[in-house]
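Dear colleague,

Here is the structure that I promised to hand over, with its sequence. Please keep it open while you read the notes below.

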Amino acid sequence: IILGEERCLVFLSCLICQDGVGLRDQLRKCGGLTVRRCPASKSKFAMHKRDLQSIYSWAESVASSSSGTEVPRKRAKDDFHTHEEKLMQTDLEQEPPGSAVEQHAGSEELSIPSDTISALMMLHAQFPKIDKGAAGPFILCSQLYSSIKDRTAVDREVEVLKQQQVIRLFKFNTGQDDYGIMFMDDFLIQVKSAKKRMETKHSQDAAAVFDWFTKHVLTCYFDVGISYRQLEGLLSQSGESVKDKHVSLLINGGLLVRKLADPTSYWFSIPNVGSLLKYLTQGRKELLSFLNRQRYKEMLMSSLEKRRLRMSQLDIRFHIRDLIGLGHLCTVNTPAGLLIRVARD
């Protein structure tokens, strides 16, 4: 919906009507708004800006009639403006039906997605296309921090999504504060792939530990690390005796990594993520080195996006968001466009 000359994109999840009445007819009922079909696209409508309050009132009435509860007006307005900016800045690709993102965004509790889930969906869709043997798409916490200013809100909502088994959090060895996020559906695909690889080398009875891991560990333990005793106790809930060879299979499958400080404890890991972490480290160094060689240690985003990194297969936008979230880079709005600058020590 385009409002006059301001070209504001309106995000209202409650525009879906259950009574089958079209959007065009509903808009005509919401306060005398003049609606005409946009010549540029048959699926869009151009609407003269008369009174936004009537839209809010109509949206609340539709939401309350379908759910039986009243929608808080203040929250609706805040999320309205937040997602208006999100949709103007990015082209969010649609997720496949039945994914964890769609199920969470469509739940009754979060009928209007939060900033964090919207940013996760955007970053997931824009993950660089790598070789088939590489790990699935993941998001760095630093990239979330570059998209959302309130880090406390990000950490709080990530913890909620983790408890709801929508996402899984991982500790990376590329830095002290490097954490990765993967949607649970994507991680379960990685677990199944690891199981198939191990079945070709070991017996099916031994490879059953991957099913125990999925059923008894991933569903109730949400920390980034686990001790051997905790792991053994959870795996033993399957009714089978857990041996060292079972834990070794999980390590060889890439699902666990030993902690250097404590060999009896493990980090949860993403299979085949090692090559991507190597690209992450090398891309950070190459991008910072390139910007530091510039005269003022800065460059326009439009020019920087056209540059290709030699040491990393991850695209340059992936590294820019990462370094902004880590505090190594900062952004400045200029008349010529967004400027990327090396942050001062």
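Two strands are said to pair if DSSP finds at least two bridges between them, and the strands themselves (E, at least two residues), like the helices (H or I, at least four residues), are DSSP runs numbered from the N terminus. With that in mind, strand β7 (residues 225-227) is joined to strand β9 (residues 265-268) by three bridges, and the two run antiparallel; within this pairing, Ile 226 stands opposite Tyr 266 in β9. Strand β8 (residues 256-258) also pairs with β9 in the antiparallel sense, over three bridges, and here Tyr 266 in β9 is the bridge partner of Arg 258. A hairpin of six residues links β8 to β9.

Before going further, please note that this is a predicted model, in which local features need pLDDT of at least 70 and side-chain atom pairs count only at pLDDT 80 or more, while totals for chains, interfaces and linings use all residues. Residues are numbered from 1 along each chain as its sequence is written, and side-chain values use heavy atoms, with hydrogens and water left out.

There is also an open sheet of three strands, with the order β4-β6-β5 and antiparallel pairing. Its edge strands are β4 (139-140) and β5 (167-171), each of which pairs on one side only. Five bridges join β5 to strand β6 (residues 179-183), and these two run antiparallel; Lys 171 stands opposite Tyr 179 in β6, and the bridge partner of Ile 167 in β6 is Phe 183. Helix α8 (residues 184-199) packs on the sheet and touches β5 and β6, and its direction makes about 90 degrees with that of β6. (Axes are lines fitted to C-alpha atoms, for helices over the stretch in contact, and angles run from 0 to 180 degrees between N-to-C directions; contact means heavy atoms within 4.5 Å.)

Is β5 mostly covered or mostly open? Five of its five residues are buried, where buried means under 20% relative accessible area, exposed over 50%, and partly exposed in between, with a 1.4 Å probe and protein chains only. Both faces are covered, with Ile 167, Leu 169 and Lys 171 buried on one side and Arg 168 and Phe 170 on the other.

Arg 344, in the segment after β12, is by contrast exposed, with a relative accessible area of 85%. Its C-alpha atom is separated by 9.4 Å from that of Gly 327, 17 residues apart along the chain.

Turning to the helices, α10 (residues 209-217) and α11 (residues 228-235) pack at an angle of about 95 degrees, with their axes 9 Å apart. That makes α10 roughly perpendicular to α11, since angles of 65 to 115 degrees count as roughly perpendicular, under 35 as roughly parallel, over 145 as roughly antiparallel and the rest as oblique. In this contact, Val 209, Trp 212, Phe 213, His 216 and Val 217 of α10 meet Leu 231, Leu 234 and Leu 235 of α11.

Finally, the buried residues of helix α13 (residues 274-292) include Leu 276, Tyr 279, Arg 284 and Phe 290, and among the elements that its buried residues pack against are β4, α15 (316-326) and β11 (329-334).

With best wishes
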